Amino acid sequence: MSDLSAEQSEWLAKIAAASDAAAVEALRVAALGKSGAITQKLKALGQMDPEARKVAGAALNVLREAVSAALSARKDSLEAAELDAKLAAEAVDVTLPVEPARLGTVHPVSQVMDELAEIFADLGFAVATGPEIEDDWHNFTALNIPESHPARAMHDTFYFPEQLAKEGRRFLLRTHTSPVQIRTMMSQEPPIRIIAPGRVYRSDSDATHTPMFHQVEGLVIDRGIHMGHLKWTLETFIKAFFEVDDVTLRFRPSYFPFTEPSAEVDVGCSWEGGTLKIGGESSWLEILGSGMVHPRVISACGLDPEEWQGFAFGVGIDRLAMLKYGMTDLRAFFDGDVRWLKHYGFSPLAVPTLSGGVGA
Ligand code: 2NL
């Protein structure tokens, strides 16, 4: 039986030299398979007399156990090495710069819309959106704008052909985002606190007017709402947007068909080294229209104006962006010139947050 220990050394040496899973498997078959060498020896035990079988059987079992253990240890270590090689080959250096180099930037209008959403979300306002193709009821009638009002005229509003009208309602490109607020009042129960940002269209085109521009309107409907709520909300918004603590707002009496009373809001500013800066009171810049929602507008939306009151306001987003970021020509906003965007655009990674600052 001493030759068994020599045989064991031989098997173990072959197993240690096996360089892949197939070689390990071939050795397993050769040693422990149905007609493997060790299996044959175990089968031969049957022909021995009981005393000899006991001794030889014990020794053979030691051999079989040793070879079997060596085979599975070799298999495990080859698999581990294979996995290590695969992981090394597929390694990604996450510290490398992004490929390809970033070319696009976030348009200032999108940036300002994100800033507004962030500021008003903090005050409990949701962002509401609606169709850009509207009808004259949602865009004008529900807003207490009379049939004869100049805003309804063909030369101010883009109308779709009369033949497309449905149920007496003429289709048009919305001239403000107010119809979004009308739809919200008709489909949701008060209290309502929303801002409605988006594209609006007017038949107007010169150095300071484009036929499409961006507006955000705000609306609050609840019980007992008054001008004090409007004033605080607009002051809080302007301070957060321009990132100034001492800002003076001037409320000037005005007129809109959809608010009563109505106020135009000017922000105090001052000249500093040739540029206009928000803050101070040496000159005034008109930035907002606002007022208490007209009771007729509340009624048109199916709400009782004795129970529900509210305030609303409207701001031009393109102008807000120009004031904050210093562009001088509105038309460049819509030229799609990548050089302009490189200069005025924002990193997609610079998401405005109140904690990190809504400015850039
Ligand atoms: C301006 C004027 C304003 C509103 C918009 C509004 C909306 C509803 C009801 C009542 Cl649903 N009002 N919006 C109110 C006052 C002014 O915008 O000059 N924007 C640049």
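The side chains of Asp-266 and Arg-252 are joined by a polar contact of 2.8 Å; a polar contact is a pair of N or O atoms within 3.5 Å, and within protein one must be able to donate a hydrogen and the other to accept it, while residues adjacent in sequence count only if both atoms are side-chain atoms. The model is predicted, so local features need pLDDT of at least 70 and side-chain atom pairs count only at pLDDT 80 or more, while totals for chains, interfaces and linings use all residues. Residues are numbered from 1 along each chain as its sequence is written, and side-chain values use heavy atoms, with hydrogens and water left out.

**Asp-266**
- Asp-266 lies in strand S7; strands (E, at least two residues) and helices (H or I, at least four) are DSSP runs, numbered from the N terminus.
- Asp-266 counts as buried because its relative accessibility is 3%; buried means under 20% relative accessible area, exposed over 50%, and partly exposed in between (1.4 Å probe, protein chains only).
- Leaving aside neighbours within four places in sequence, the residues in contact with Asp-266 include Thr-248, Leu-249, Trp-284 and Glu-286; contact means heavy atoms within 4.5 Å.

**Ligand**
- The ligand is surrounded by 15 residues, the closest being Glu-217, Phe-258, Gly-289, Ala-312 and Gly-314; a residue is near a molecule if one of its heavy atoms lies within 4 Å of it.
- A polar side-chain atom of Glu-217 is 2.8 Å from a nitrogen atom of the ligand, and a backbone N or O atom of Gly-314 is 3.3 Å from a nitrogen atom of the ligand.
- Taken alone, the ligand exposes 480 Å², and the protein buries 87% of that; the areas come from the Shrake-Rupley method with a 1.4 Å probe.
- Helix H7 (178-187) gives the most to the shell around the ligand, with four residues.

**Helix H7**
- Seven of the 10 residues of H7 are buried, so this helix is largely enclosed by the rest of the structure.
- Among the buried residues of H7 are Pro-179, Val-180, Ile-182 and Met-185.
- The elements against which the buried residues of H7 pack include strand S4 (192-201) and helix H9 (295-300).

**Nonpolar cores**
- The largest nonpolar core has 43 residues, and Phe-237 and Ile-238 have the most contacts inside it; such a core is a set of buried Ala, Val, Leu, Ile, Met, Phe, Trp, Tyr and Cys residues joined through side-chain atoms within 4.5 Å.
- Helix H8 supplies the largest share of this core, six residues.
- Another core, of 23 residues, lies apart from it and includes Tyr-159 and Trp-308.
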